[in-house]
Amino acid sequence: MTSLPDLAINAQALTKVYGGSQSDQAPKLALDAVDLQVPRGSLFGLLGPNGAGKSTLINIMADLVNKTSGSLSIWDYDIDKRPRQSRASIGVVPQELTFDPYFSPRQVLELQAGMYGVPPKERRTMELLETVGLFDKADAYARSLSGGMKRRLMVAKAMVHTPPILILDEPTAGVDVELRRMLWDHVLELNELGVTIVLTTHYLEEAEELCDRIAIINRGNIVACEDKPQLLNRIDSKKIVISLKQVPEKLPQQLLDFSPELTDAKTSSSGLAQLAFSYRRSESPISAILAAVAAAGLEIRDISTEESDLEDIFLQLTSSKST
Ligand SMILES: Nc1ncnc2c1ncn2[C@@H]1O[C@H](COP(=O)(O)OP(=O)(O)O)[C@@H](O)[C@H]1O
Ligand SMILES: [Mg+2]
């Protein structure tokens, strides 16, 4: 028996430049020497804003885009040396839906299984349809399925050859909250069955909810790659917003030490003057801030706190990288 690889995916100095010499476009560096290791069995999130290079990375794994340089192994198969085996080890759910709208889900899966050379006896068409909750729709026109059903059909389609790795590119972009929950549950179930999952997303919430390990990609560079708890610890900034009864004429020194931002009543969201303080969660100076506000004789009308969002994290990670 051959042993299973420790890494489901291993990218080393993977680089992609679009355009350039043969085209009239200026060359675009979409992946800049990316090193990325996805442990077998993980539910791995590739998180980044639009244009970061997520789809490029996924599409190289799916053999839909050619890399410019570097190396990539899937399930220990180098994509250059063992292309057939590496392709067979991965199932990809692309960002766009791709199937003939006049086919039924059963036909879509049978056709895909045929393309992967899965013999009819080994096909699991109805089992897969059941897994994604489309058993009843096996013979409906694919075009008559709802958006969420189509997406689940895409997941089943990516699984016809029983790959040990499933990649989902922005699986819930444009999907409503309820369907998102259902898709998440399917993904978690597959992962529990032992499938290594990589999903790309630009929703921090999605990565935070689902993934056990998260890489953050920005402008073609991996700026962080950690287990979720470690990463969340780095996302350290929080904000407290204090709405005041009146605009203070002058901020006392003890408050200035916390570098507040003052918004007057006309421009604030609450219609009240607001003082916003950004601070590090690990330092938790809330009581000191509140004491300083009270000592300054300012009357508090409301208090709210905000977790940092993806934007802030990017700023934090990219600025700490360049300094
Ligand atoms: N076929 C292409 N030709 C030229 N540039 C491309 C092509 N595909 C993507 N890009 C560029 O590469 C960068 C990364 O894109 P992409 O991988 O789609 O990012 P993401 O999926 O994270 O939104 C972007 O700047 C994008 O404009
Ligand atoms: Mg994309």
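Asp63 is partly exposed, with a relative accessible area of 39%; here partly exposed sits between buried (under 20% relative accessible area) and exposed (over 50%), using a 1.4 Å probe and protein chains only. Helices (H or I, at least four residues) and strands (E, at least two) are DSSP runs, numbered from the N terminus.

A word on the model itself: it is predicted, so local features need pLDDT of at least 70 and side-chain atom pairs count only at pLDDT 80 or more, while totals for chains, interfaces and linings use all residues. Residues are numbered from 1 along each chain as its sequence is written, chains are lettered from A and ligands numbered from 1 in the order in which they are written, and side-chain values use heavy atoms, with hydrogens and water left out.

Back to the backbone. Most residues other than glycine have a negative phi. Glu170 is not a glycine, yet has a positive phi of about 50°. You'll find Glu170 in the loop between strand S7 (165-169) and helix H6 (177-192). Glu170 counts as buried, at 4% relative accessibility.

Now the overall picture. The protein chain has 11 helices and 14 strands, and its C-alpha trace spans about 80 × 45 × 45 Å along the principal axes. Of its 323 residues, 44% count as buried. The domain assignment (automatic or from a database) gives domain 1 (1-89 + 164-176 + 187-235), domain 2 (97-162) and domain 3 (236-307). The C-alpha centres of domain 1 and domain 3 are 41 Å apart.

On to ligand 1. The residues around it, meaning those with a heavy atom within 4 Å, are Tyr18, Gln25, Lys28, Ala30, Pro49, Asn50, Gly51, Ala52, Gly53, Lys54, Ser55 and Thr56. By class, that shell has 4 nonpolar, 6 polar and 2 charged residues; Ala, Val, Leu, Ile, Met, Phe, Trp, Tyr, Cys and Pro count as nonpolar, Asp, Glu, Lys and Arg as charged, and the others, Gly among them, as polar. Strand S2 (28-39) and helix H1 (54-61) each supply at least two residues of the shell, and H1 gives the most, with 3 residues.

| Residue | Protein atom | Distance to an oxygen atom of ligand 1 |
|---|---|---|
| Lys28 | side-chain N or O | 3.4 Å |
| Gly53 | backbone N or O | 3.0 Å |
| Lys54 | polar backbone atom | 2.9 Å |

The protein covers 66% of the 560 Å² of accessible area that ligand 1 has on its own, by the Shrake-Rupley method with a 1.4 Å probe.

H1 is mostly covered, with 7 of its 8 residues buried: Lys54, Thr56, Leu57, Ile58, Asn59, Ile60 and Met61. Ser55 counts as partly exposed, at 22% relative accessibility.

Which protein atoms are donors of the magnesium ion (ligand 2)? They are Ser55 (OG) and Gln95 (OE1), at 2.1 to 2.5 Å. Donors are N, O and S atoms within 2.8 Å of the metal (3.2 Å for Na, K and Ca), and water is not among the atoms, so sites may look incomplete. The pair links distant parts of the chain, 40 residues apart: Ser55 is in helix H1, and Gln95 is in the loop between strand S6 (90-93) and helix H3 (105-115). Gln95 is partly exposed, with a relative accessible area of 31%.

Key. Polar contact = N/O pair within 3.5 Å; in protein donor to acceptor, adjacent residues only side chain to side chain.
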